[in-house]
Amino acid sequence: MFPRPIQKSSSAWAATYQAMVPMALVLWLLPLIAVAVFSIKPDVDFTTGNYWGWPSSFKGFENYGKVFFASDMPRYLLNSVLITVPTVIGAVALSCMTGFALGVYKFRGNLLLFFMFVAGNFVPFQILMVPVRDLTLDMGLYNTKTGLVLFHVAFQTGFCTLFMRNFIRALPFELIEAARVEGVAEWRIFWFVVLPLMKPAIAALSVLIFTFIWNDYFWAVVLTQGAESQPVTAGITSFNAQYRAAYHLMSAGSIVAALPPVAMFFLMQRHFIAGLTLGAVK
Amino acid sequence: MADTMMPNSDGAPGWIRRNRQALAPFLFLLPGVLFFLFYVIFPILQSFNLSFYRWDGLGEPVYIGAENYIELLDDRAFEVSIWNNLKWLLMYLLAIPAGLAIALFLNQNVVGIRLYKSLFFFPFVISQVVVGLVFSWFYDPTFGLLNQILGFFGLGTLNVLGDPNLVTYGIILAGLWPQTAYCMILYLTGLNAVDPEQVEAARLDGAKGFKMLWYVIIPQLRPATFIAFVVTIIGALRSFDLISIMTNGGPFGSSRVLSFYMFEKALSEYGFRMGYGAAIAVVLFLIMLLFIAYFLWSMYEEEKGGR
């Protein structure tokens, strides 16, 4: 283990370390802690200049209540859910198939197709912006959740294929060969042999894509406008315009907008990290 | 012969059954590839094409040859954006050593360390929109925490986001926050897999501290470093959200980068110059392509060694 385990050092140093970790954490998260404190402060603290002092009264319930009951925030949150969940399902389903095809079969152009997905996943969004916006307009899907979902599914398929294909490659190939010898149809091999083994990859990808799509801002701005279809990342800017300088409400709104991926991360931490760090270890 | 005439378990006709192994990958790939071609590959080509036209997004596009690109050469804002992109690229790479440093700091077995690790990772999970808001308040000249701290030490105030010379660095710093968290998690995973026997052997040979890190640990972290490098470069060139939220390109356009400038030209109130925007996007794409080609090449080298 590197660095040397703290337990092997002097006890004084071990105690110092134990104290340093939480202090470093507070420093690291300071900007976020500030927002959390803002969000429970009353209005009056901001007008009297009490930005960083102790909240003069606890107004957490009022502030968050306003976000949930007196603004478009619930609407935006619902939109985000309706955009994110179908995208996760679509992209994961498509990439299970593409990953299977590219990971299991040998055919000409296999690597080329794979690299197409990988390269496409790295391109700057801006090169797609004008044509995709146009395409969405032409299909009558501009400013709809469907338009956003279709694009997200297509784009995320690149990353998901990379992920799935590499995961399937690491599975024991003998299993598939044994099934073939038995005369099992290819789609049955996919469904009954490979798919059950892919559960960890599916879980990892689902949480990752959920986070990516929930946090997407660029495409939300390009393909939607207005409260009927915008997700919460875009909604928060109109929310902030509505409550300009009402820092307590803006903070509460930001925290609400940020919470779902955070909850997802803490619930599915193992899968999330396994997904993010795939390939970081050989 | 007899085999193909026999009814199959799944009732597939003979021809399909015989060619099943050749057909299967094609069918499995079809939906994904179609989607990807339609929404990613064709639009790239369309953008290349569009960059030779003048188009307001509504009327008929007019072919103007390389005029958009010639205009770019004299465009001050474009020059500023390119320089800022370069700053982003170089400064963003700091996330890699910073992430490694935090990972080394946290790679211990003490009570509650798992929770600490996930809390350190926190900034990566929240959206860049929120990160942008949080940092613009952090920098705020009237009440921002930064100026409170500076004031405490009697250093006067600093309007980071209002100063054309500082603004880009200020935004990059905000971007480094989640990016460092990402690199940290990559290295924590990598450190977990470092071969303990090699470390012990090196220790017996008297290696320790920085020497150990440089000659024994970092070489073993190569795969993690590669991924950290890929995601950091891509992240740096994609930067858009933070700029849009924190400064909207200002002050006086001094915090623009190519991705933001392109958006501004093509879709903002300054007029819909789709062709010109596409030309900017093409330049950004070509810069990115250098890196993409390198990444693909590294992956290809590795594939050759594999199955």
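User: Which residues is B:Y187 in contact with, leaving aside its neighbours within four places in sequence?

Analyst: Two residues are in contact if their C-beta atoms, placed from the backbone, lie within 7 Å. By that test, B:Y187 is in contact with B:G99, B:L100, B:A103, B:L221 and B:A224, once neighbours within four places in sequence are set aside. This is a predicted model, where local features need pLDDT of at least 70 and side-chain atom pairs pLDDT 80 or more, while totals for chains, interfaces and linings use all residues. Residues are numbered from 1 along each chain as its sequence is written, and chains are lettered from A and ligands numbered from 1 in the order in which they are written.

User: Which residues touch the most other members of the largest nonpolar core?

Analyst: A nonpolar core is a set of buried Ala, Val, Leu, Ile, Met, Phe, Trp, Tyr and Cys residues joined through C-beta atoms within 7 Å. Buried means that 20 or more other C-beta atoms lie within 10 Å of the residue's own; 12 or fewer is exposed, in between is partly exposed, and C-beta atoms are placed from the backbone. The largest core here has 160 residues. B:M184, B:Y187, B:I280 and B:L284 touch the most other members. Helix α10 of chain B, residues 167–192, gives the most to this core, with 15 residues.

User: How many helices and strands does each chain have?

Analyst: Both are DSSP runs, numbered from the N terminus: helices are H or I of at least four residues, strands E of at least two. Chain A has 15 helices and zero strands. Chain B has 16 helices and two strands.

User: Is chain A spread out or compact?

Analyst: For the 282 residues of chain A the rule gives 19 Å, and the model has 24 Å, well over that, so chain A is more spread out than a compact globule. Its C-alpha atoms fill a box of roughly 75 × 65 × 30 Å along the principal axes. Buried residues make up 45% of chain A. Of its contacts with a separation of 6 or more, 76% join residues 24 or more positions apart.

User: How many residues does each chain give to the contact between A and B?

Analyst: Chain A gives 75 residues and chain B gives 81. On the chain A side, helix α6, residues 110–122, gives the most, with nine residues. For classes, Ala, Val, Leu, Ile, Met, Phe, Trp, Tyr, Cys and Pro count as nonpolar, Asp, Glu, Lys and Arg as charged, and the others, Gly among them, as polar. The chain A side has 58 nonpolar, 15 polar and two charged residues.

User: Where do the domains of chain A lie?

Analyst: Domain bounds come from an automatic or database assignment. Chain A splits into domain 1 (18–62) and domain 2 (69–276). Their C-alpha centres lie 34 Å apart. Nine residues of domain 1 of chain A meet six of domain 2 of chain A. On the domain 1 side, α2 (30–38) and α3 (43–47) of chain A each supply at least two residues. The largest share, three residues, comes from α2(A). By class, that side has five nonpolar, one polar and three charged residues.

User: Where do the domains of chain B lie?

Analyst: Domain 1 of chain B takes 2–7 + 14–63, and domain 2 takes 76–305. Their C-alpha centres are 34 Å apart. Ten residues of domain 1 of chain B touch seven of domain 2 of chain B. The elements giving two or more residues to the domain 1 side are α3 (20–50) and β1 (53–54) of chain B. α3(B) gives the most, three residues. That side divides into five nonpolar, three polar and two charged residues.

User: Which features does UniProt place on the chains?

Analyst: UniProt positions follow the numbering used here, feature names are shortened, and annotations may be inferred rather than shown by experiment. An unreviewed UniProt entry places "domain: ABC transmembrane type-1" at residues 77–268 of chain A. That stretch is 80% helix and 0% strand, with end C-alpha atoms 20 Å apart. For chain B, an unreviewed UniProt entry gives "transmembrane region" at 26–45, 88–107, 119–139, 166–191, 212–236 and 275–297. Residues 26–45 of chain B are 100% helix, with end C-alpha atoms 24 Å apart. Residues 119–139 of chain B are 90% helix, with ends 23 Å apart by C-alpha.

Methods. Rg over C-alpha atoms; globule rule 2.2 N^0.38 Å.
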